[in-house]
Amino acid sequence: MSSAKTSAPSAAPSAAAGPDARPADGSAVTAAETGGANRLATRGLGLRYGDRTIVDGLDLELPGNAVTAIVGPNACGKSTLLRGLVRLLDPAAGTVTLDGADIHRMPARTLAKRMGLLPQQPVTPEAVTVEALVRLGRYPHQRMLSPWSKADQAAVEEALERTGTAELRDRQVDRLSGGQRQRVWIALALAQETDLLLLDEPTTFLDLRHQLDVLDLVADLHTEAGRTVVMVLHDLGQAARYADHLVVLKDGRLAAAGPPSEVLTAELVETVFQVPCRVVPDPETGTPLVVPRARVRGSRGAAGSDASTGADASDGSAGSGATASAAPAAL
Amino acid sequence: MTALTLPARALTRRRTRTALWSLVAAALLVVLTGVALGTGQVDIPVWDALRALVGQGEPGNVLVVQQFRAPRVVSALIAGAGLAMAGSMLQRLFRNPLAAPDTIGITGGASFGAVLMLAGGASQQLIPVAAVGGGLLAALLLGGFAWRSKMAVTRLVLVGLAVQQGLAAAVNLMIVRFPAELASSALQWTTGSLYGRNWTEVWIGGTAIALTAIAVLLCQRRVSVLDLGEDSAGGLGLNPARDRLWLLLLTITLASLAAALTGPVAFVALAVPHLVRLLAGPPTLGTLGLTALTGAVLLLSADLLVLHVIPVHGLPVGAVTATLGAPWLLVLMIRQGRLPQRSS
């Protein structure tokens with residue numbers, strides 16, 4: 001099911017990003033800002049499937065009140081790490097802490113009130129309506145016999161409003177388009193009313209318009225609703241635009257972490273993704289933009305000239321229609 | 001805040017539909033109960049029969065209704081409700097529209113346990129316990145054989161039917177060697193029947209089934225969350241593997257207790273959840289109640305057919321439900337085969 005995964009970073013879709021694209025200036029989140037809540041950290045974290053080690057000896061500090069993007073090549077363990085962070089996987093070694101407390105010592109319900117998850121492939125129950133689905137986000141707040149409360153309904157309404165799915169409430173989720181469905185699933189996580197939101201490749205299988213819609217929504221959730229966001233992304237340009245903090249994984253280990261403007265260098269992309277490239281400022285936002293070197297016939301990865309047209313910018317991002325005018329040729 | 005006062009239309013519509021069909025099913029249940037209590041070798045008017053049930057009216061009627069007819073009717077209602085609920089739960093927990101206690105071997109296991117207990121000379125009160133033990137044994141067998149295929153949709157049913165047949169063969173083997181006084185109960189444990197129920201059985205089985213059913217109903221939010229897949233359920237604070245196992249054990253207990261009362265009655269548990277889905281939409285707490293009512297009505301109707309319509313004396317109710325059920329299972333399997341397999 002990972003057919004849509006890209007192996008190369010796509011050129012950033014400057015054409016479709018309107019003025020409402022969030023100006024992620026890449027500035028580091030200051031210590032004072034992160035001093036508050038919602039700081040996820042790992043200490044010597046090891047994650048395994050069976051006897052296959054996916055993540056090994058990972059020390060991470062994710063800033064609170066920020067948007068963090070986890071990036072890396074296929075099978076580098078990004079999604080596994082995310083699963084470890086929300087306790088879907090028990091660590092084989094090390095710990096995961098939330099504001100200093102070991103998440104494996106928290107009651108499941110308590111944790112579910114603090115962290116919401118959008119999995120990569122949630123299962124849509126047959127014929128369920130949008131509202132019925134979003135209501136399930138209230139589960140951690142309900143007791144066995146407690147009736148549906150005003151607070152529950154208010155949280156659902158707010159989640160529907162914020163994701164623009166209120167008018168879809170009576171529709172069946174399995175009949176919605178991919179973009180609408182993704183917004184509904186985000187609404188479910190919002191109804192959970194958690195400070196932290198973890199999203200596993202929220203843009204996979206979406207076309208460019210819907211990718212940007214989802215990412216803009218995520219950005220708004222951070223800036224307007226004060227949510228701390230941790231998401232796995234494929235597209236480096238999008239990660240640089242939308243994240244305050246970047247975590248780059250390679251083979252289950254940390255390759256780099258920090259603000260995109262500091263982390264995303266040509267050397268790093270070349271070592272981690274094996275893609276010779278230039279990193280230029282995104283003409284729209286000024287955030288780093290990875291431009292793969294033009295392919296010179298016969299030789300792979302030959303150094304491009306200034307006349308690089310970006311024609312081979314191998315846009316492989318998930319089903320995106322971003323083929324047109326995505327090249328930063330003007331540079 | 002105006003949004004709060006807007007009616008949730010689709011949800012309300014579905015709830016209204018569920019409530020309406022529940023009323024219809026409840027009405028049918030009362031009428032059929034009256035008919036079942038009133039008809040037989042001595043016909044009693046429905047109203048008199050219902051009065052006799054609570055000890056009013058002619059002593060002769062009271063005796064016939066209370067001692068002979070009521071235990072059978074109540075058994076049919078309780079077992080039908082229990083089987084249908086168990087079927088609905090199994091279909092959700094396995095995400096498999098073909099799952100039912102009789103397609104995955106549970107009722108066969110329950111009968112096996114019961115017969116083993118009878119052959120060992122144990123008292124009647126222990127039959128439900130033995131049935132639950134047998135049901136769990138069947139589940140273990142099923143798990144052992146089907147686990148490696150990750151409970152794939154048709155494989156589960158193939159293995160389940162094999163378990164059911166194997167245990168049925170064991171039941172037959174033991175019944176052949178039954179002492180004469182037990183041989184009459186053979187029909188119950190091979191095809192499922194309602195002959196000769198008495199109040200002791202009904203009280204024990206009924207109480208246990210009611211308690212289990214309440215536990216199942218109390219867990220419905222959990223089941224809805226599990227419907228979202230393991231990852232989402234985990235993110236919402238469940239331990240999906242553990243919770244699924246618990247719910248499965250509860251469901252197996254429910255189905256086994258029902259089978260302890262009637263034997264391995266086929267079809268009811270498989271068909272009712274599909275019927276309810278057609279009538280009232282996808283499963284919720286409300287539709288589970290409707291499922292129980294419909295199961296009760298269906299089994300009682302089948303028993304009325306057996307007693308008063310089909311001119312074969314002593315036909316077990318399980319024979320009727322199995323005759324209806326076999327083609328239904330075939331239709332479902334063909335439809336399932338045509339659908340593109342959904343990844344879960």
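In this predicted model, helix α2 of chain B spans residues 9-38. The helix has 30 residues and reaches 43 Å from its first C-alpha to its last. That is close to the 44 Å expected at 1.5 Å a residue. Its buried residues are B:Arg14, B:Thr18, B:Ser22, B:Ala25, B:Thr33, B:Ala36, B:Leu37 and B:Gly38. The elements that cover these buried residues include α3 (46-53), α4 (59-93), α14 and α15 (285-309) of chain B. After α2(B) comes B:Gly40, with a positive phi near 155 degrees.

One of the covering elements, α14(B), comprises residues 268-280. This helix has 13 residues and reaches 18 Å between its first and last C-alpha atoms, close to the 18 Å expected at 1.5 Å a residue. Buried residues of α14(B) are B:Val268, B:Ala269, B:Leu270, B:Ala271, B:Val272, B:Pro273, B:Val276 and B:Ala280. Just after α14(B), B:Gly281 takes a positive phi of about 95 degrees.

Chain A and chain B meet in a contact that takes 30 residues from chain A and 25 residues from chain B. On the chain A side, α3 (108-114), β6, α4 (130-135) and α5 (150-162) each supply at least two residues. The most comes from α3(A), with 4 residues. The residues on this side of chain A divide into 19 nonpolar, 5 polar and 6 charged.

Strand β6(A) also belongs to an open sheet of 6 strands in chain A. The order is β6-β7-β8-β3-β9-β10, with mixed pairing. At the edges stand β6 (115-118) and β10 (253-258) of chain A. Each has a single partner strand, so one side of each is left without a neighbour in the sheet. The twist averages 15 degrees from one strand to the next.

Parallel pairing is found at the β6 end of this sheet. There, 4 bridges join β6(A) to β7(A). A:Leu118 stands opposite A:Leu199 in β7(A). On to β8(A), residues 228-232, β7(A) pairs in the parallel sense over 5 bridges. The bridge partner of A:Leu199 in β8(A) is A:Met231. Together, β7(A), helix α7 (residues 208-223) of chain A and β8(A) make a right-handed β-α-β unit. At the β10 end, strand β9 (residues 245-250) of chain A pairs with β10(A) in the antiparallel sense, over 5 bridges. A:Leu246 stands opposite A:Gly258 in β10(A).

The loop between β7 and α7 of chain A holds A:Glu201 and A:Phe205. Phi of A:Glu201 is near 45 degrees, a positive value in a residue other than glycine. A:Phe205, likewise not glycine, has a positive phi near 70 degrees. A:Glu201 has 23 other C-beta atoms within 10 Å and is therefore buried, the cut-off being 20 or more. A:Phe205 has 18 C-beta neighbours inside 10 Å, so this residue counts as partly exposed.

β1(A) and β2(A) pair over 6 bridges. A:Leu45 stands opposite A:Leu58 in β2(A).

The loop between β1 (40-49) and β2 (52-61) of chain A contains A:Gly50. With 5 C-beta neighbours inside 10 Å, A:Gly50 counts as exposed. A:Gly50 and A:Leu264 are 214 residues apart in sequence. In space, they lie 33 Å apart, C-alpha to C-alpha.

Terms used:
Residues numbered from 1 in each chain as written. Chains lettered and ligands numbered in written order. Predicted model: local features only at pLDDT ≥ 70, side-chain atom pairs only at ≥ 80, totals over all residues. Pairing = 2+ DSSP bridges. Axes fitted to C-alpha atoms, helices over the stretch in contact; angles between N-to-C directions. Buried ≥ 20, exposed ≤ 12 C-beta atoms within 10 Å, placed from the backbone. Right-handed = clockwise from strand over helix to strand, strands pointing away. Expected span 1.5 Å × (residues − 1). Contact = placed C-beta atoms within 7 Å. Nonpolar A, V, L, I, M, F, W, Y, C, P; charged D, E, K, R; others polar.
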